[in-house]
2 protein chains.
Amino acid sequence: MIRTHAPAGAVRQGSLRELNLALVLGRIAAADRPPSRADLATATGLTRATVSAVVEDLLAGRLVDEADPAPRAGAGRPARGLVLADQGPAGLGLEVNVDYLAVCVVDLAGQVRHRTVHRADLRPVAPADALARLVELAGQARTDAARQGLTLAGAALAVPGLVDDAGLVRLAPNLGWRDVAVPALLAAHPALTEQVPGVPALVVDNEANLAALGELHSRPPGPASFLHISGEVGIGAGIVLDGALFRGVRGWSGEIGHLPVHPQGRPCRCGGRGCLEQYAGQEAIVAAAGLARAELPADTATARLAELAGAGDADALRALQDAGTALGVAVAGVVNLLDLDTVVLGGGYAPLAPWLCPPVLTEITARVLTAAWSPVTVRPSTLGAEAAAVGAAGSVVRHIIARPAGWLARTG
Amino acid sequence: MIRTHAPAGAVRQGSLRELNLALVLGRIAAADRPPSRADLATATGLTRATVSAVVEDLLAGRLVDEADPAPRAGAGRPARGLVLADQGPAGLGLEVNVDYLAVCVVDLAGQVRHRTVHRADLRPVAPADALARLVELAGQARTDAARQGLTLAGAALAVPGLVDDAGLVRLAPNLGWRDVAVPALLAAHPALTEQVPGVPALVVDNEANLAALGELHSRPPGPASFLHISGEVGIGAGIVLDGALFRGVRGWSGEIGHLPVHPQGRPCRCGGRGCLEQYAGQEAIVAAAGLARAELPADTATARLAELAGAGDADALRALQDAGTALGVAVAGVVNLLDLDTVVLGGGYAPLAPWLCPPVLTEITARVLTAAWSPVTVRPSTLGAEAAAVGAAGSVVRHIIARPAGWLARTG
DNA sequence: GCAAATAATTCAATCGCTGAACAAATAGCG
DNA sequence: CGCTATTTGTTCAGCGATTGAATTATTTGC
């Protein structure tokens, strides 16, 4: 549970440097071209002298490298561009999902430097065994990262379920997990990452949350506030507000799947009736399209559905239309409530987006009061299938970028 | 549109003092007993020397007063308690609603030091005339505040409608306002408040938002994250997340009234069908209870309804039960989505809370996945009818408490 | 009346930013 | 080719704010 908040405590002499390190590094990360020290000075409002001093720290800590001088018009001494180091700290992203394990390594610049996906049905596998396989993949990732000059500074694990502050997976229904103490199980494999001060060694979080973070930090960066919807067997939403993931009071936000869309409709496993999940969940869509569910693993079902719809299959098209309408009703409610202007369809919805987006947009236009003044964008995720793993790894490096002082203070 | 965010820009030498001024003043404001300098030092992590220097600034700026030494057990020099000044800056809160105008003055400590409510049906009144009446009331409030030694540092106006960043009221349907440029209309009355650097002279915001802020800053303080629902003719929600009001991308968040609760149900003025407002809006409840709507102004209708329900009138009880159920369906969806643990019923719902809370809670318990692990509280607002005006005034003083440097830097 | 205890202030040291001067490196121009 | 204008980056004295230790202030308990 990373919470990126303002320095709530005392502001001491050294905090000043910490904050300015973060400010300058953040600017370097956000720039679309390698900025010079002078650029950073004007962008941040600091003096060139201060920027030079701060940059010196960043260079010494190997968070930043000097790039080849960028060609520039006009007279004057050529600037030396600054880029995020490609040999510095990196984040390890892990994902356990229903039908695959994924591991990836993301560097400071957000580049995916290593990626492994291991396809297998994880439902019959005991949590400890699944995690053991994941650790094995992580070990390979670790050596590959080292070969590339990267140091794993922390790890994050994405799980399709509810996770509490301590990393306990309270419930992952589609995986069949209940009260799985992930940190304790992984403590037996201590060398997942080096222990870096200020960077949590292992964060466990919900898959939808981490996928939304991945979208937020993708290039080009997503908007500061948006709703990211992962359509898997369940439907999870990652809510990004003002550039930060909103996790809720206990970290369990995003359960969009149980917004009512037909209150007197089909009973749902949550105890309510007519929940969105019963109409736009993957199983519901597949069943409505007339595909036998059991025969296909979840992700190939989605691919098959896209294939059928692309070929003009009437049942598939109708199923997607209905699902999109249900999704649109729910999303319109959320947009009314939170006043968002962007909705991203991710996870299993991404390949189906061409058919889902139109009905979703129709409902939004009809039901959102403010849609007349400013339009709402609905688009598919730019990340691939393992968005959550990439987002998990990204969350680690974003943590370092937001708090570089911790990394710089380490012995080494 | 106040956005309370971290210092995003350069952190210079002086920012240090600014941040620590805010830190110390915030502690004084949050404490339930007048803290000593030593208390503040341990609470903030600053040294006693620094706290003394900071407090000296706050005393000189008349934001803080020394209180009588509080009795303390044990030996040692007695501490001098620090309290928010009752003779310092204050906030002016204004409210235009369908059937009343309200003006109030709130001091730094959050005490309401002046309050005027002018009952009148404002629907037939032109916006400029309504605002002129409000300015007159504000003038009286201003002299009363001066008599009490208070200086009005800024003002906020609550409006039952959508307001954009510039203070333009885009649409206030129940008031009949459309595209009313409030700041321009009030510019003719320039002396609403003294111009204080760092404090916006006039903020215009949605009534539900400001009522939620009032709840957040009431004593005892509300939780850091909650949903505040104002049930008037429309239903508006103020969403407080992590101690800050969430306003959405354009400041139009909180339109909970158009969450679908019966998707194929009654058509709504928003263009959708079966919106919450059609089942739990004030007019809907009154009609369901068999009260003729036109005969009664809105607020007496609510009072009459509470009276009838209290007397055991079957129609009224059934109407409230049905409305509470519809409200509960919508609220359950929001709680699932945002993972909140507190829902506050305010505005017209406050007096009806005894009858609304049970069905709302029933729906939440049935539909919220995580309700089994940690309960959701549903309670009425602690503020009275003019909560929005109080919240508006409170938002001004909270602004000063969050950024005392601006007030201290003023000439005087 | 004295010691112990707690509160608050004073003061030299230090840290990090500022602003101005200075050094470095290049383009344009005669 | 050499000079000037221009822009980048560094150096350094100055200064504001915090720190930590010593000091003063004020009360309780013995």
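This is a predicted model: local features need pLDDT of at least 70, side-chain atom pairs count only at pLDDT 80 or more; totals for chains, interfaces and linings use all residues.
Local features need pLDDT of at least 70, side-chain atom pairs count only at pLDDT 80 or more, totals for chains, interfaces and linings use all residues, and side-chain values use heavy atoms, with hydrogens and water left out.

Now show the polar contacts (pairs of N or O atoms within 3.5 Å). At Arg17(B), a side-chain N or O atom is 2.9 Å from a phosphate oxygen of DNA strand D. At Gln13(B), the side chain has an N or O atom 3.2 Å from a base nitrogen of DNA strand D.

Next, select DNA strand C. It has 27 residues around it, and those that come nearest are Thr50(A), Gln13(B), Ser52(B), Arg77(B) and Arg80(B). Zoom in on Arg77(B): a backbone N or O atom lies 2.8 Å from a base oxygen of DNA strand C. Then pick Arg48(B), where a polar side-chain atom lies 3.4 Å from a base nitrogen of DNA strand C. On chain A, a polar side-chain atom of Thr47(A) lies 3.3 Å from a phosphate oxygen of DNA strand C.

Color by helix (a DSSP run of H or I, at least four residues, numbered from the N terminus). Helix 1 of chain A gives the most to the surface near DNA strand C, with four residues.

Stay on chain A and select helix 1 (13-30) and helix 3 (48-60). Their axes, lines fitted to C-alpha atoms over the stretch in contact, are 10 Å apart, at an angle of about 80 degrees. The two helices of chain A are therefore roughly perpendicular (65 to 115 degrees).

Finally, show both chains. Chain B can be laid on chain A with an RMSD of 0.0 Å by a turn of 180 degrees and a shift of 0.0 Å along the axis, superposed by least squares on C-alpha atoms of residues with pLDDT of at least 70 in both. The two copies are thus related as by a two-fold rotation axis.

Note on methods. Residues are numbered from 1 along each chain as its sequence is written. Chains are lettered from A and ligands numbered from 1 in the order in which they are written. A residue is near a molecule or strand if one of its heavy atoms lies within 4 Å of it. A polar contact is a pair of N or O atoms within 3.5 Å; within protein, one must be able to donate a hydrogen and the other to accept it, and residues adjacent in sequence count only if both atoms are side-chain atoms. Axes are lines fitted to C-alpha atoms, for helices over the stretch in contact, and angles run from 0 to 180 degrees between N-to-C directions. Angles under 35 degrees count as roughly parallel, over 145 as roughly antiparallel, 65 to 115 as roughly perpendicular and the rest as oblique.
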